[in-house]
Amino acid sequence: MKNKLIIAGPCSAETEKQVLKTAELLAATGKVNMLRAGIWKPRTRPGSFEGVGEIGLKWLIDAGKAVNLPVITEVANRDHVKLALDAGFKNFWIGARTTVNPFAVQEIADSLEGKEIDLLLIKNPINPDLQLWIGAIERFQAAGIKNIGVIHRGFSAFKTNKYRNEPLWEIPLNLKQQFPDIKLICDPSHICGRRDILEEVSQKAMDLEYDGLMIETHPKPDEAWSDAQQQITPEVLNVMLEHIVMRQKTWENPETNEHLELLRNQLQVLDHQVFEILGKRMEIAEKIGALKKQNNITILQSEKWKLVKEERFQFGINKGLTEKFLTRYLDALHQESIRHQTKVMN
Ligand code: PEP
Ligand code: MN
């Protein structure tokens with residue numbers, strides 16, 4: 001995991017002993033470059049553990065000094081920033097429930113302006129809104145903060161699935177395209193919400209060339225005061241990081257390179273064919289549009305489309321395409337056909 005930023009530590013600082021113990025075990029792995037712990041916890045419902053507060057800042061600073069690792073914590077308002085700066089923090093992250101709120105983000109940006117900051121990491125907002133995430137980056141940039149990174153922690157989903165927060169990988173990758181110099185860190189803990197799929201999500205992040213991982217670890221995960229189900233011990237983290245394969249971007253082996261190039265060329269030929277066929281499909285849609293116009297028939301015939309869609313769907317499934325892809329593809333195809341028909345009819 002050379003060149004990757006590995007941030008680990010408990011979801012929440014609970015006691016001085018727990019923070020130090022976690023730090024020692026993590027440092028012993030030799031694989032962790034930064035210690036995390038939440039001091040103020042933004043909880044969905046009141047009554048859950050809301051963090052130890054100010055007293056925990058010193059625990060984390062001291063633990064970092066003891067094992068010679070930098071430390072990072074979450075700040076959600078100007079009081080947090082002031083207290084953390086006074087305690088000696090130089091690394092901060094902005095939580096998902098804060099990124100959604102431009103007033104809060106602006107307040108934090110204003111209170112960090114002009115301070116000595118090594119790293120500021122902005123978590124994605126809980127809702128899948130890339131613009132809101134970008135807006136937060138811009139607010140901190142405008143406050144003169146140089147070393148900004150982002151943390152992908154997944155997005156709240158309406159439908160239940162195997163994740164606590166759906167990854168929606170295309171959103172962080174889109175952000176990375178727009179801000180190529182910004183460090184992109186994956187937080188598999190909050191994406192997964194469970195231990196058994198942490199490794200596959202971490203591997204995927206590495207395959208997508210993320211710059212690092214933030215993973216919640218606790219000496220006794222089952223007894224953690226927050227996010228118990230997703231935390232792992234530093235020992236398990238060590239094994240997990242051993243397992244992760246760092247795939248090379250460019251292959252040393254020229255034969256592999258050539259083979260890959262060949263396969264990519266084949267993909268290009270097929271993609272071009274698909275577009276040619278789609279072009280022809282739209283020509284036919286326009287002919288249908290012309291016929292409908294002559295005979296005064298409406299464009300949209302929902303019942304008819306439902307039957308067509310079912311038939312195409314089944315055909316696609318039999319070809320090994322996924323339900324998710326087919327649903328999106330068929331809807332897009334239908335919309336594009338309607339656009340072509342409308343063009344002819346108006
Ligand atoms: C956390 O990192 O413990 C946390 C509160 O995360 P998020 O803001 O992603 O929910
Ligand atoms: Mn947590």
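Reader: How many nonpolar residues does the lining of the second largest pocket have, by class?
Author: By class, this lining in the predicted model includes 4 polar and 4 charged residues. The remaining class, the one asked about, is nonpolar, and the number of nonpolar residues is 9.

Reader: Which residues lie closest to the centre of the second largest pocket?
Author: The second largest pocket has a volume of about 440 Å³. It is lined by 17 residues, and α11, α12 and α13 each supply at least two of the residues in that lining. Those closest to the centre are Arg 281, Ile 288, Lys 292, Trp 305 and Gln 341.

Reader: Which element gives the most to the lining of the largest pocket?
Author: The largest pocket holds about 610 Å³ of space, and of its 21 lining residues Val 274, Leu 278, Phe 325, Tyr 329 and Leu 333 lie nearest the centre. Two or more lining residues come from each of α11 (254-294), α12 (302-318) and α13 (323-345). With 8 residues, the element that gives the most is α11.

Reader: How many charged residues are there in the lining of the largest pocket?
Author: Sorted by class, the lining of the largest pocket has 14 nonpolar residues and 2 polar ones. The number of charged residues in that lining is 5.

Reader: Which element supplies the largest share of the lining of the largest cavity?
Author: The count of cavities of 30 Å³ or more comes to 1, and about 40 Å³ of space lies in the largest cavity. Its lining is made up of Gly 9, Pro 10, Val 19, Thr 22, Ala 23, Leu 26, Leu 35, Arg 36 and Leu 60, with two or more residues coming from each of α1 (16-29) and β2 (34-36). By class this lining has 6 nonpolar, 2 polar and 1 charged residues. The largest share, 4 residues, comes from α1.

Reader: How much of the accessible area of ligand 1 does the protein cover?
Author: Among the polar contacts of ligand 1, a backbone N or O atom of Ala 96 lies 2.9 Å from one of its oxygen atoms, while polar side-chain atoms of Arg 97 and of Lys 123 each lie 2.8 Å from an oxygen atom of the ligand. On its own, ligand 1 has 300 Å² of accessible area, and the share of this that the protein covers is 97%.

Reader: Which spacing do the donors of the manganese ion (ligand 2) follow along the chain?
Author: The ion is coordinated at 2.1 to 2.4 Å by Cys 11 through SG, His 190 through NE2, Glu 216 through OE and Asp 227 through OD. Taken in that order along the chain, the donors follow the spacing C-x178-H-x25-E-x10-D.

How values were computed. Residues are numbered from 1 along each chain as its sequence is written. Chains are lettered from A and ligands numbered from 1 in the order in which they are written. This is a predicted model: local features need pLDDT of at least 70, side-chain atom pairs count only at pLDDT 80 or more; totals for chains, interfaces and linings use all residues. Side-chain values use heavy atoms; hydrogens and water are left out. A polar contact is a pair of N or O atoms within 3.5 Å; within protein, one must be able to donate a hydrogen and the other to accept it, and residues adjacent in sequence count only if both atoms are side-chain atoms. Accessible areas come from the Shrake-Rupley method with a 1.4 Å probe; for residues, only the protein chains shown count as cover. On a 1 Å grid over the protein atoms alone, a cavity is a set of points where a 1.4 Å probe fits but cannot get out, and a pocket is an open set with protein on both sides within 12 Å along at least five of seven lines; lining residues have an atom within 4 Å of a point. Grid points are joined across faces, edges and corners, and a volume is the space filled by probe spheres set on the points. Ala, Val, Leu, Ile, Met, Phe, Trp, Tyr, Cys and Pro count as nonpolar, Asp, Glu, Lys and Arg as charged, and the others, Gly among them, as polar. Donors are N, O and S atoms within 2.8 Å of the metal (3.2 Å for Na, K and Ca); water is not among the atoms, so sites may look incomplete.
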